[in-house]
Amino acid sequence: MKKLLSGVKPTGIPTLGNYLGAMKQFAQLQSEMPDCEFLFFVADEHALTTPQNPKELKQNIKNVAALYLACGLKEENLTLFIQSEVPSHIQLSGIFESISYIGELERMTQYKEKKKKQIDGVSSALFTYPVLMAADILLYDVDYVPVGEDQKQHLELCKIIANRFNNRFGETFTIPQGITPKIGARIMDLQEPTKKMDKSSIDSKGCIYLLEPVSSAKKKIKSAVTDSESIVKYDKTNKPGISNLMSIYSSITNFSYKKIEKLYQGKGYGDFKSDLAELVGNELKEIQTKYQEIISSEQLNIILNKGRERANFLGNKKIAKVYKKVGLGR
Ligand code: AMP
Ligand code: TRP
């Protein structure tokens, strides 16, 4: 059976970007690939690479787990778990630190960007973040890893680490293949459309959170930055604002950019934004209704317990193999 894996950091409430670039795609892939095992996890150890409030972190972990299910994942062939409940992630990451190089980690764009924002110093965990991510993936010998565009570089490094280990210690890890959605892979901030929509950004006007009131999300769409031309046309370089809104529209409806341009020919941004606000509002309403059912049920714990057991079973087996290969222990 093929395997697919992905993770989301519980560093805040997931955004429309997380949904369109990741969670919604996961649910679609699950229905398209009935013969594949789907491993999804809450990357709580990754969250710790930047300072977190412990109480909020705990709540966010539960929220992300519930949102995976609220975004449409089904229980069959699903292993949903929390990273910190499977110690082999950290164990494998420890081994990988010995075969990854400072130079290659210094080149990571996400590190360079996040480093600038850390006021209280840059943790070494932020630096080694991609090593832990490689461990998350390689631990389970997965075939596919769906991620947004921002994670492609980390995935490339993961493949380098896998090949390096295999060459040095003998065939051990499956080389994974990334899956990036064509549309929705990079949803930008509504106020600063050249920056990605990020749940950890400070100004929340440009960011739609999956659990925020529908009315407030609609308002954010209506006040999104566009341009003075008032022509609904996809042009990422010259019209980043409207192009971003069109990519949101397109990811929700599956309409092509051409089709959207035709639909709004001769109409201004007002009509387009109004319709988009409705679309986003309806999507959020559906997610929030499911979320409410899940978060207050015992079902979530049952699924997470099952996921923990399966992930530990697979992870421990792999770690034993890896320790043997590198010569650790007795
Ligand atoms: P993170 O929020 O960094 O934990 O990301 C979780 C998943 O959502 C990853 O697969 C990201 O690539 C994806 N993602 C995050 N932000 C966006 C965005 N603005 N647009 C599209 N995908 C995103
Ligand atoms: N680094 C990813 C992000 O910030 C989250 C993540 C952690 C992940 N481990 C992963 C994604 C493994 C895919 C596979 O978005």
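Author: With polar contacts: a pair of N or O atoms within 3.5 Å counts as one. This is a predicted model, where local features need pLDDT of at least 70, side-chain atom pairs count only at pLDDT 80 or more, and totals for chains, interfaces and linings use all residues. Residues are numbered from 1 along each chain as its sequence is written, chains are lettered from A and ligands numbered from 1 in the order in which they are written, and side-chain values use heavy atoms, leaving out hydrogens and water.

Reader: What makes the pair between D136 and ligand 2 a polar contact?

Author: A polar side-chain atom of D136 sits 2.7 Å from a nitrogen atom of the ligand. The cut-off is 3.5 Å, so the pair qualifies.

Reader: And how do you know that Q151 makes one with ligand 2?

Author: An N or O atom in the Q151 side chain is 3.0 Å from a nitrogen atom of ligand 2, and the limit is 3.5 Å, so that pair counts too.

Reader: Why are eight residues of the shell around ligand 2 called nonpolar?

Author: Because Ala, Val, Leu, Ile, Met, Phe, Trp, Tyr, Cys and Pro count as nonpolar, Asp, Glu, Lys and Arg as charged, and the others, Gly among them, as polar. By that rule the shell also has four polar and two charged residues.

Reader: Which element gives the most to that shell?

Author: α7, with four residues. Helices here are DSSP runs (H or I, at least four residues).

Note on methods. A polar contact is a pair of N or O atoms within 3.5 Å; within protein, one must be able to donate a hydrogen and the other to accept it, and residues adjacent in sequence count only if both atoms are side-chain atoms. Helices (H or I, at least four residues) and strands (E, at least two) are DSSP runs, numbered from the N terminus.
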